[in-house]
Amino acid sequence: MSAKRNEHSTHPDKLPIRMLHDRVLVRQDTSEGERRSGGGILIPATAAVGRRLAWAEVVAVGQNVRTVETGDRVLYDPEDRAEVEVRGIAYVLMRERDLHAVAADRFEGAEDSTGLYL
């Protein structure tokens, strides 16, 4: 037990949580607010947008998760989410099957990779 306590004290950024089954814990990108279109047009945060998917970074995965790893960026539907706060930081909890896409450096050059053209 003492070795685990020392491990936690040397890694203050590590979350004190272990995900179960097929659950994935992600931290939302903080790009809420104004954004620019591909053509450079400024779109205000108050503009009505249709159903829009969001990107997030994976911070923890359960033991049955097969397609994503900690540090990957994932695309998900913000409407289907459960929020949780750990150490004052908001995270989103979801099942692996609720993810729409995964972006990671390890896919670069893979034949089934589409790139980041989503």
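Contact here means heavy atoms within 4.5 Å. Among contacts between residues at least 6 apart in sequence, 65% join residues at least 24 apart. The model is predicted: local features need pLDDT of at least 70, side-chain atom pairs count only at pLDDT 80 or more, and totals for chains, interfaces and linings use all residues. Residues are numbered from 1 along each chain as its sequence is written, and side-chain values use heavy atoms, with hydrogens and water left out.

**Overall make-up**

- The protein has one helix and eight strands, where helices (H or I, at least four residues) and strands (E, at least two) are DSSP runs numbered from the N terminus.
- Along the sequence these elements follow the pattern α-β-β-β-β-β-β-β-β.
- Of the 118 residues, 24% count as buried; buried means under 20% relative accessible area, exposed over 50%, and partly exposed in between, with a 1.4 Å probe and protein chains only.
- The accessible surface comes to about 9,000 Å², and carbon and sulfur atoms hold 48% of that area; the areas come from the Shrake-Rupley method with a 1.4 Å probe, and for residues only the protein chains shown count as cover.

**The sheet**

- Six strands form an open sheet in the order β6-β7-β1-β4-β5-β8, with antiparallel pairing; two strands pair if DSSP finds at least two bridges between them.
- The edges are β6 (82-86) and β8 (99-103), each of which has a single partner strand, so one side of each is left without a neighbour in the sheet.
- From one strand to the next, the twist averages 40 degrees, based on axes that are lines fitted to C-alpha atoms (for helices over the stretch in contact), with angles from 0 to 180 degrees between N-to-C directions.
- Four bridges link β4 and β5 in the antiparallel sense, and Glu57 has Arg73 in β5 as its bridge partner.
- β6 and β7 run antiparallel and are joined by five bridges; Glu83 has Val92 in β7 as its bridge partner.

**Nonpolar cores**

- A nonpolar core is a set of buried Ala, Val, Leu, Ile, Met, Phe, Trp, Tyr and Cys residues joined through side-chain atoms within 4.5 Å.
- The largest such core has twelve residues: Val24, Val26, Ala54, Ala56, Val58, Val65, Val68, Val74, Tyr76, Val92, Met94 and Leu99.
- At least two residues of this core come from each of β1 (23-28), β4 (54-61), β5 (73-76) and β7 (89-95).
- The largest share, three residues, is supplied by β4.
- Another core lies apart from this one and has six residues, including Met19, Leu25, Val59 and Ala60.
- In soluble globular proteins, nonpolar side chains tend to be buried together.
- Leaving aside residues up to four places away in sequence, Ala56 touches Val26, Arg27, Gln28, Asp29, Asp72, Arg73, Val74 and Tyr76.

**Buried residues in loops and at the sheet edge**

- Asp22 sits in the loop between α1 (2-10) and β1 and is buried, with a relative accessible area of 18%.
- Not counting residues up to four places away in sequence, Asp22 touches Asn64, Val65, Met94, Arg95 and Glu96.
- Asp77 is in the loop between β5 and β6 and counts as buried at 3% relative accessibility.
- The side chain of Asp77 reaches the backbone nitrogen of Glu79 at 3.0 Å; a polar contact is a pair of N or O atoms within 3.5 Å, where within protein one must be able to donate a hydrogen and the other to accept it, and residues adjacent in sequence count only if both atoms are side-chain atoms.
- With residues up to four places away in sequence not counted, Asp77 touches Arg51, Leu53 and His100.
- Ala101 belongs to strand β8 and is buried, with a relative accessible area of 16%.
- Ala101 and Arg73 are 28 residues apart along the chain, and their C-alpha atoms are separated by 8.4 Å.

**Positive phi angles**

- Most residues other than glycine have a negative phi.
- His21 has a positive phi, near 55 degrees; His21 is placed in the loop between α1 and β1 and is partly exposed, with a relative accessible area of 45%.
- β6 and β7 form a hairpin with two residues between them, and Arg87 in the turn has a positive phi of about 55 degrees.
- Arg87 is exposed, with a relative accessible area of 58%.
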